[in-house]
Amino acid sequence: MKRKLICTVSAVSIASVCLTGCAKNIKPGEIEGYDEGEQYLSIWVHSIEETPEGEAYRDAVNRFNEAYNGKYFANIEFIPRNDSGGGYSDKVNASVLSGDLPDVLTVDGPNIAAYASNGIIRPLAPLSDEERNKYLDSILQQGTYNNELYALGAMESSVGLYYNKDIISEAGIEIPEPDNPWTFTEFLDILEKLKQITAEKNGYPLDMTFPVGEASIYYYAPFIWSNGGDFVSDDGLTVDGIFNSAENVSVMKYFKDIVDKKYMSAVPIENLFESGRAAFKFDGAWEVNTIYQSYPDINLGVAPYVVGDDWNGENYTPTGSWTFAASSDTENIDGATELVKWMSGVESGLMLFEKTKSLPSTYEAYEQISLFTEDENYKALYEQLRDYGHPRPKTPAYPQLSSMFQQSLENIALSGKNTEEQLDKATERINDKLERYIRR
Amino acid sequence: MKKRRSNAVMGMSFFTPALILMIVFLFVPMLLTLIYSFTDYFALSPDNTHFVGFENFKKIFRDELFTKAFWNTVGFVAIIVPLQGLGALGLALLVNKVAHFKKYFKVAFFIPVVMSLAVVSTLWMQIYSPEGIINTILGQFGIDAQPFIHSAKQALPSIAVMSVWQGVGYQMIIFLGGLQAINPALYEAAEMDHASAWQKFRDITLPELKPLCIFVFITITIGAFRMIVQPMVMTGGGPSNSTYTLVYDIYETGTVNWEIGLSSAMAVIFVVFVIILTIIQNVLTRDKEEKKK
């Protein structure tokens, strides 16, 4: 009898969960703080509420509700995203189908083009010049697709070419000025000089890998851009003749050269740089904090990112992070835009930096954080981002493009396959995914 | 009569929740997958979905990566099934023979089964790393460091071996149960006839375990076909797609590239393939039973 009861209760409760999945049309008073006369705005973020990042978002929304009391009320929902990117994006995809998207949602920078061209997000209400000029240029560029501004982020990111000061000075190498970086050829000479020294330490001149996932295109796209190459046309729909251009072929061969000459290990060795056995490493801005906290023996410096031999001062260094955008389902684009501006604003960026050490997205935030003026490494990363930041390729087929770049690198540099053939094949595969956008 | 009816009501009340759950979470998705496989359903613009006939299937059969994933999966199965099946049997025989600490060994070999695959994979990444345990031991014998999961040639076998290590305890427990269920009188009779240990194994243990062997064989095969977590965590399908599996391809196509239609078609092909394999296995094992009679 007892068992039957348990069965019935569990069946009923599961059924009720299934049936009441989505509750829309929230009325004033139903949520604490949502009062009569306020416009309701829903917002989804991709993190867990109990993490430092989640707390920063919660805090930003609370301050928004205070500042706009009587006008807007924003309600934040946390939808965790797992490592492989599921969870949050599954929920977004499902809501695209059911039309239950919130007013504002977070979108990863490289996905803006796909979301925009599929009508999931809509352009923001116009920003004044003053409002626009608060943001780093790389943030505005990342959020723009087909000449319209769709998204703004509170966080930026950068990749540094880190060097071990002790090893570099042992080899008698001078670090160039940011406006005059090493060219590909010069960098090869330097690696050659360092080979002997790092070999004695049982290491390599360069701690570099071509990992599966987003990291590869994020770290190494600058080699393509600074060499006069690109990934995709401006409208994001053509790759043929661009992805497999002669410039890109030469970059791929350059990477192969680095592997063949044993300037890097073909097999990833963990903590090569951190254990003082490599002179250089490409890694995200978080590496600075990691070194400071966990490897205080390493004498860390940031060198300007390497450029192609014919580089002429164009923007080329890695950028990009998660952003806020207004969904196409919103009926209140002005309110949604206000919320996007607030969430990506100075205070939000300061709070996120304090809690997660992620780089802010506004000039004012950088000015207020003393670390970016006092610490030479943070300062170098900021200046590189400010002066030379380049958004990742903007195309609706970005996931395919990113994984094709990584695979090409791996196949060419590590497995020694034919460069032209690999790039042509990759181009064909990306083209395949672009077909649906060209057909329209 | 009344009793029977109340039994039926009682039965239904037990059955209905399970039925509803199965319909919602199993039958409907299965049917949807089949329907989607004939459409160009794209997760980001579901409104633009059209029926495209067999277009997806044509695309898949032309797709080099899918073919590669298929053969990789077959490779995994070909390594894992014999290794894990025989390994489990061997371990079961050993543990059965051990006089002391039997419980300890049972638990020790079973622990990896209970651990999360993601955790086990991360652990083995350390073990396989260029400066990890295995390479250190190899170095003691003067053997060069091996790249293991970082080389296109070694990655697949390396992951397969790790999977065997992780899964073998489960089948070992099943075999142990089977071994303990064998009537000791059979062995006693054999001993009277002065049968050797090998004869006892061949003529008593193996035939008695045969039905279990079939079960174990099928479960390992299906498990190996579903391989995704290990390559996802350890190699991301690389290097050069050498550990990219069918289920991984289905996942990537559907969730990363948003092409639900295409990935549904892949799933349908995968299901058909597994069904064919199961039928072949059934036919093979039925033959054996008939021969026994």
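Two strands pair if DSSP finds at least two bridges between them. Strands here are DSSP runs of E, at least two residues long, and helices are runs of H or I, at least four residues long, both numbered from the N terminus.

First, what we are looking at. This is a predicted model, where local features need pLDDT of at least 70, side-chain atom pairs count only at pLDDT 80 or more, and totals for chains, interfaces and linings use all residues. Residues are numbered from 1 along each chain as its sequence is written, and chains are lettered from A and ligands numbered from 1 in the order in which they are written.

Now the strand, β9 of chain A. L161(A) stands opposite F282(A) in β11(A). That belongs to an antiparallel pairing of β9(A) with β11(A), residues 278–284, over 5 bridges. β9(A) is also joined by 4 bridges to β12(A), residues 300–303, again antiparallel. There, L161(A) has A303(A) as its bridge partner.

Next, the domains, whose bounds come from an automatic or database domain assignment. Chain A has domain 1, 11–156 + 320–382, and domain 2, 159–318 + 397–438. Their centres, taken over C-alpha atoms, are 31 Å apart. The contact between them takes 11 residues from domain 1 and 12 residues from domain 2; two residues are in contact if their C-beta atoms, placed from the backbone, lie within 7 Å. On the domain 1 side, α16(A) gives the largest share, 4 residues.

What lies between the domains? A nonpolar core is a set of buried Ala, Val, Leu, Ile, Met, Phe, Trp, Tyr and Cys residues joined through C-beta atoms within 7 Å. The largest such core has 131 residues, and I43(A), A325(A), L339(A) and V340(A) have the most contacts inside it. Both domains of chain A give residues to this core, so it lies between them. Beyond its neighbours within four places in sequence, L339(A) touches L41(A), I43(A), F64(A), A74(A) and V104(A). Another core, of 32 residues, lies apart from it and includes V120(B) and W124(B).

That brings us to chain B. Its secondary structure is 12 helices and 0 strands. Chain B has a radius of gyration of 24 Å, whereas a compact globule of 293 residues would have one near 19 Å; the value is taken over C-alpha atoms, and the globule rule is 2.2 Å times the number of residues to the power 0.38. Of its 293 residues, 32% count as buried.

Last, the two chains together. 33 residues of chain A are in contact with 28 residues of chain B. On the chain A side, α1(A) supplies the largest share, 8 residues.

Definitions and conventions
A residue is buried if 20 or more other C-beta atoms lie within 10 Å of its own, exposed if 12 or fewer, and partly exposed in between; C-beta atoms are placed from the backbone.
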